[in-house]
Amino acid sequence: MPLLHVDAGDMLFGRPTVADADEQQRKIKGELLIEAAAKLDTDALTVGEGDLVFGVEWLRRIVQKHGAHYVSANLRDPVSGELVFPASRIVTKATLPDERV
């Protein structure tokens, strides 16, 4: 049976703050989680408050590097006003049999 695998945000850090002493280790962990989500072909991930600990540009760069499927309809670039990630993603897992009579 096909499954839709999604993440509702805060996968990376869970909290919007990280101690300075933990910054490097947390960046490595965050990147590894995004890389794993991409390799596992997670269908869609969204941004939670804790995922923005290191800023929008850090998250965007890591997501693009690994090809993870992030979506967000309300996170905009503060300069351009453009959406940081696509607002939605259509995923087809399987087709249903046509049982019209």
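1. Ground rules. Residues are numbered from 1 along each chain as its sequence is written, and side-chain values use heavy atoms, with hydrogens and water left out. As the model is predicted, local features need pLDDT of at least 70 and side-chain atom pairs count only at pLDDT 80 or more, while totals for chains, interfaces and linings use all residues.

2. Overall layout. The protein chain has two helices and three strands, in the order β-α-β-α-β along the sequence. Helices (H or I, at least four residues) and strands (E, at least two) are DSSP runs, numbered from the N terminus.

3. Spread. The radius of gyration, taken over C-alpha atoms, is 16 Å, well over the 13 Å that the globule rule gives for 101 residues, so the chain is more spread out than a compact globule. That rule is 2.2 Å times the number of residues to the power 0.38. The C-alpha trace spans about 65 × 30 × 20 Å along its principal axes.

4. Burial. Of the 101 residues, 30% count as buried, meaning under 20% relative accessible area (1.4 Å probe, protein chains only).

5. A residue to look up. Asp43 sits in the loop between helix H1 (23-39) and strand E2 (44-46), yet Asp43 is buried, with a relative accessible area of 3%. A polar atom of the Asp43 side chain lies 2.8 Å from the backbone nitrogen of His5. Leaving aside neighbours within four places in sequence, the contacts of Asp43 (heavy atoms within 4.5 Å) include His5, His69 and Arg89.

Technical notes: Buried means under 20% relative accessible area, exposed over 50%, partly exposed in between (1.4 Å probe, protein chains only). A polar contact is a pair of N or O atoms within 3.5 Å; within protein, one must be able to donate a hydrogen and the other to accept it, and residues adjacent in sequence count only if both atoms are side-chain atoms.
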